[in-house]
Amino acid sequence: MTDQSSDQPGEERGGTTRRRALMLGAVGASAVVSIRPALAQTQASVINCEIPVPDAGRAGSYIAADGSIVPAGTPGAFPPASLAFKGEDVKTALAGGQLPGTTYEQNQAYVKYIRRLQSGTSGFTCFASLQMPRG
Amino acid sequence: MAERLYRAVPADALRIVPLDDFTLIFHRPSGLSHLVTAPAPEILELLEQGPLTRAALLARLGERFELADASVEALDARLGELVATGLVEAA
């Protein structure tokens, strides 16, 4: 094996010290890039994600009081939400709050719909992320 | 006014992984990771041995390395970054 350590900077050899060059850098430059924890990014995405009611594949359908999707115009059912709900709004609603722009009964129906979301429907990932424990 | 002392957080609060030109530092208390380049790891290493004033740190760096651009302003900037990350505490 060859002795490679003699090439190492900063090593003392024969009484002389070869010091490694070091730049302190410019005042405006940066030597540090910080990476936020994945959890923080998850939280940010939870607040920004959206849940359409109903999902895009059945846009226009009504939501019955039990949260099921029924044909448009079904008596007693609620028309679709005009805008997708924000993750943060849904989080509040799941905790007993009310979705923005809804009546009490409409909110109940929408929340039931959201609780019944299945994998593959739009908004499910957002809903699932709202269920994740926070660190 | 007494000069500020800079100290590194305890070594067991950090996980340091050298990656070629970069060094990845995981700060356990905050859960943050930092990608740092020279001279940040060198400064941290010196401060791990004990708290130093800015002047003493600059002198130590000068003893160990060939400082091509030794300036108090540049060292201040680097220390400021390390303090901002929580890797170094100023007292």
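**View 1. Chain B meets chain A.** In this predicted model, 28 residues of chain B are in contact with 17 residues of chain A. Contact means that the C-beta atoms of two residues, placed from the backbone, lie within 7 Å. On chain B, β4 (32-36), α1 (40-48), α2 (54-64), β6 (65-67) and α3 (72-85) each supply at least two residues of the touching side. Helices (H or I, at least four residues) and strands (E, at least two) are DSSP runs, numbered from the N terminus. α3(B) gives the most, with eight residues. The side of chain B that touches chain A holds 15 nonpolar, six polar and seven charged residues. Ala, Val, Leu, Ile, Met, Phe, Trp, Tyr, Cys and Pro count as nonpolar; Asp, Glu, Lys and Arg are charged; the others, Gly among them, are polar.

View 2. Strand β4 of chain A (residues 32-35) pairs with β4(B) in the antiparallel sense, over four bridges. Two strands pair if DSSP finds at least two bridges between them. A:V33 has B:L35 as its bridge partner.

**View 3. The open sheet of chain B.** Three strands run in the order β5-β1-β7, with antiparallel pairing. β5 (52-53) and β7 (88-90) are the edge strands, each pairing on one side only. Strand β1 (residues 5-8) joins β7(B) over three bridges. Here B:R7 stands opposite B:E89.

**Numbering and cut-offs.** Residues count from 1 along each chain as its sequence is written, and chains are lettered from A, ligands numbered from 1, in written order. Local features need pLDDT of at least 70 and side-chain atom pairs count only at pLDDT 80 or more, while totals for chains, interfaces and linings use all residues.
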